[in-house]
Amino acid sequence: MLATETGPIAFPILSALIFIPIIGAVIVALLPKSRPEYPKLVALMASVATAAMSIWLMASFETSEAGFQFVSKHTWIEAWGISWHLGVDGISLFLVVLTGILFPLAILAVDPHHDEKPYLAWLLMLQAGVMGSFLSLDLFVFFVFFEIVLVPMYFLIAGWGYEKRVYAATKFFLYTMFGSAFMLVGLIATVAIASRDIGYTTFDLVVIAEQANFAASTGRWLFFAFAIAFAVKVPIFPLHTWLPDAHTQAPTAGSVVLAGVMLKLGTYGLLRFGVYLFPEASYWSRNLWLTLAVIGIIYGAIAATMQTDLKRLVAYSSVAHLGFIVLGIFAFTTQSMSGSTIQMVNHGVSTGALFLFVGWIYERRKTRQISDLRGLQKVAPIFAAAFMLVMLSSVGVPGLNGFVGEFLILTGSFLTARWWTVVAALGVILAAVYLLWAYQRVFHGEPDEDNKKFPELKIKEGLVLLPFLGLIVFMGIYPKPVLDRVQPSIDALIGRVEDHTDYVQPKPTIELVDHSQEPANPEEEGDG
Amino acid sequence: MIAVIEPTWYLLLAAMLFGIGAFGLMVRRNPLIMFMCVELMLNAANLTFVAMATRLNDINGQTAVFFVLVVAAAEVVVGLGILVSILRRRPGATADDLAELKG
Amino acid sequence: MIASLLAQAGDWTSPSIDWAALAPEIVLAIGVNIILLLDLQLAETKKWAIATITGFVLLGSFVAVVVLAVTGDGARSLFDGRYVVDDYALILKALFLLAAYVVVLLSQTELEEGGYYQGEFYVLLVCSVLGMVMMASARDLVSIFVALELLSIPAYMMAAWNKRNRKSNEAGIKYYLLGVFASAVLLYGMSLLFGATGSTKLTDIGAALLDGDLIGLDVVAVVFVVCGFAFKISAVPFHQWAPDTYEGAPTPVTAFFSVATKAAGFVALMSVVFIAFPGADGVYQPLIWVMAALTMTFGNVLALRQTNIVRMLAYSSVSQGGFILMPLAFAGEPGVGPAALNAVIVYLIAYAFMNLGAFAVVIAVTRKTRSGEISSFGGLFSYAPGLAVAMTIFFASLAGIPPLAGWFAKFNAFKAVLDAGTTAAYVLAAIAAVNTVIAAAYYMRVLRVVWMDEAPDGDTSPVKSPAPVVAALAITVLGTIVLGVLPNLIARAGAIDALTGAFAG
């Protein structure tokens, strides 16, 4: 299962993905104040290098391999079996790529209002933290990065956000810290209990997952200690209240990153440290999660409909979209879980882009109130068209990426969680309602005096948007390359759940990826 | 030969002295009296040491008392020094007056 | 009666003393006298030299500790096992000396500019450090008591050092009265313990308590002793003196109290708990459990509402004490002992660096702003980015954010507690988890002011920090980061089983 030397190259690419942003951040912080032109250059170089490496990683990823690849493992604290253990599999691969791509775009897209140097340094630290969280296969290392992420985000929101930024940043920090405090206890307890089965103390995720045998009740307690941290991060209803504030008050780049990758720490955590580590407990508690996910979908959609602030609307739409992802995870079918994994990336792309648009609108008009905006389509048609495309992707229109994810989640979930899926499908309709309605109010009609001077999309902005639009269309039309890489890992994960419970995955009704054309998949055969 | 008093009585006496000292320290507000209460408590401990040493027939308890006596003397010197410097600035101050720092 | 006692005395022969093992103490004792005598001779203009000499004395003692650690072949036992120089003692001695050295660096300018009594101050400081260094080795009730008083009595005077300041006076008398009260409680407990077990030597007491059931006298004695130490480590409900004393005393002295004297209290408590009380774990464990839970919670909740930074740090130090205390509540569980000991030592080391560092920043900034209010730290990032970054490192470390020393210490403490695996352990860990969040709230509040707010009076002239303060900052920043990134360095403190071995065998 654990592929130690599958990587075709000896270069420690995963460690580099983490350390290049850190080095970049340190250099940015140390640059003298007298040279204001360098920080941005250095930050861009560091983040573009990271992006390039993440794409290279994707290209050299073995498609049909379910286990972890590019594994690098070095002892860190020997006494406790803590090691610098990194690896990537189908679930984390695209999140890593997304993290790599989003940051340079976010840096390029918007300039901070003041103090560019610390702003860029914090952004790079954030990138390193998020990368580390997605890549680490050691509970200790994961927790370290999971916590590190908080600090730069706190400073980004509190330092470069809008009016109520300090309140929002503090709320964000305390909510997340609250969750992770329980995770810390759960994590150490997991290690302590697992060490009795394994015979020695280790924080290695793979070793614990494969060798430890938690009693059902113990496993459930531990699972909830982890899950609470991830539920805050996702955020799952009713722990979501920090999100609209944090999103609305964060600077544009902060919102893009927050929606794009940071929320995925939660859903990724549920997959990797929830389902993978505690298959029994997560299957046992599935109804709770399904219910909360569906409540989140409907609640997020209704709340979004009622917003007057465009950014807050997008923020609530995130609550709804993340609900779909959780639904897919806890439906435990190959389709729904693959759909969730893809939807994590899709949501990052489309909501990230939506936040960019909102940021640009705010820069031009100094307002985010929907009622202040009117008829922008007339004065800025290209801007409107691009917005339209991104919005339709968020709605889930066929042919664009959002459709692929939501369709997979819904068809997959229908097999095992029928009624929840039926209610969740309503959320798709509501998404169309609030987004199209918002589009209509902002872009249609006759522009008034203030809106007549609305500038068209700039070339720089267009260039930043190109990768987003390209991904939206590409993944909508041809998701196979992504699915090919995601599915083996998902199958292996479901196999684990089946091994530990009496759950048997029902036969899928629709085969999106034709298995007969692929090389034999060992995991599939094993599951029979 | 004087009638030997049981060590238990010494222990009881010491416990009472300790109690009186602790009680006094909490209710009295004159810093000097509070010092005296502390002395009472320390000497209760000394008495216990001696009584126990006698009962166990072990000289270690007696040596401990010597150390305590010396230390207690040093302690009182310091305490009185601090007290004098306070009373110079605020004549007649009681413990309740020393309430600039709170919260 | 007297005759029989004298007869025992007749057997007394002069013990053979391993003078080399006492080298750190001897260096300090000689150093105290040198400083005292030099102070009489030096002209007023040359008083600054005293601080340098004090630094060298501490350094000399530190070298002696290092030499002992490198050349040492196991534990050196003196005076029939009543004074032991083992790895545990040496690590803590090094910690005390290092902390004292940083405090000397911090005191230097403060004393020179305040026109305080420099020579005497350093004499008392070194005396107090001598007490701490002895405490690490003391394995007998009497030597523990003497060491405790040797470190406390100078500390009372240092608290009241600024004698023309009413706050400093008040800090001194409060510290004194409660400190002496604690000593009396402790001493009374010790006398009962002596009566119950027939010895003042910790190993004998341990053997006696393990032997047979506990009687009422044992229980009372153990409770009194633990409560006596609880004052020194400012554990709730014996913490009332701490905030007042910390606020009133000169800031370098506060730094010294919050780190060094607190650590000394913990050291004494550890020696007693691990060597003398293994038979009484049913008594001290619940007691420490309750104190740890109360200490971290009260300290945090009260710290939340403070507006003065020193006072906030005082309450934060109370609550950190709760975290340090936490593993000791399970010291008697099978298999947890070494982990608990390691956790406390690691926490003490990490805490020394980060808390001294936090005070160093406060001293550096208040030299300019002349105000201890948190709001006066506004705009620090704009006019002193270096100090702001250092402050961020220390406060983030105190809040337990990786990869800094404080995070590893917290992690270690949690791990020791959860190793116990009992329901009580899980409950305490959950309480501690909630407390880390509360603590993060007030640490981040300060950082928010430092980074986001404007300077309150618009004064953004740069801060000029004197060289000793910069040196202190460098030491503490380095320590905080290195211990966080390479925790292997102190995780090895887990190899100290000499102390736990004392009762296991």
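What we have is a predicted model, in which local features need pLDDT of at least 70 and side-chain atom pairs count only at pLDDT 80 or more, while totals for chains, interfaces and linings use all residues. Residues are numbered from 1 along each chain as its sequence is written, and chains are lettered from A, with ligands numbered from 1, in the order in which they are written.

Let me stay with confidence for a moment. Helices here are DSSP runs of H or I with at least four residues, strands are runs of E with at least two, and both are numbered from the N terminus. In chain A, the mean confidence is highest in helix α13 (residues 286-305), at 91, and lowest in helix α23 (residues 522-527), at 41. Two residues are in contact if their C-beta atoms, placed from the backbone, lie within 7 Å. Residues 1-9 of chain A stay under 50 in pLDDT, and the model has 17 contacts for them beyond four places in sequence. Residues 514-528 of chain A are also below 50, with 15 contacts in the model beyond near neighbours in sequence. Where pLDDT is low, the predicted coordinates should not be read in detail.

Next, the contact between chains A and C, to which chain C gives 25 residues and chain A gives 24 residues. On the side of chain C that touches chain A, the elements giving two or more residues are α17 (405-420), α18 (423-452) and α20 (488-491) of chain C, and the largest share, 12 residues, comes from α18(C). Counting Ala, Val, Leu, Ile, Met, Phe, Trp, Tyr, Cys and Pro as nonpolar, Asp, Glu, Lys and Arg as charged, and the others, Gly among them, as polar, the residues on this side of chain C divide into 18 nonpolar, 4 polar and 3 charged.

Within chain C, helix α7 (residues 166-197) packs against helix α10 (residues 241-248) at an angle of about 145 degrees, with their axes 8 Å apart; axes are lines fitted to C-alpha atoms, for helices over the stretch in contact, and angles run from 0 to 180 degrees between N-to-C directions. Among the residues that meet are K167(C), Y175(C) and L178(C) in α7(C), and W241(C) and D244(C) in α10(C). The residues of this contact divide into 4 nonpolar, 3 polar and 5 charged.

I turn now to the backbone. Most residues other than glycine have a negative phi, and most peptide bonds are trans. In chain C, however, a cis peptide bond joins V236(C) and P237(C), with omega about 10 degrees, and P237(C) is found in the loop between α9 (216-232) and α10 of chain C. The bond from P402(C) to P403(C) is also cis, with omega near -5 degrees, and P403(C) sits in the loop between α16 (385-399) and α17 of chain C.

As for phi, F70(A), which is not a glycine, has a positive value of about 55 degrees and lies in strand β1 (residues 69-77) of chain A. Is F70(A) buried or exposed? A residue is buried if 20 or more other C-beta atoms, placed from the backbone, lie within 10 Å of its own, exposed if 12 or fewer, and partly exposed in between; F70(A) counts as buried because it has 26 C-beta neighbours inside 10 Å. N57(B), also not a glycine, has a positive phi near 55 degrees and is placed in the loop between α2 (31-56) and α3 (60-89) of chain B. N57(B) is exposed, because 12 other C-beta atoms lie within 10 Å.

Technical notes
pLDDT = per-residue confidence, 0-100.
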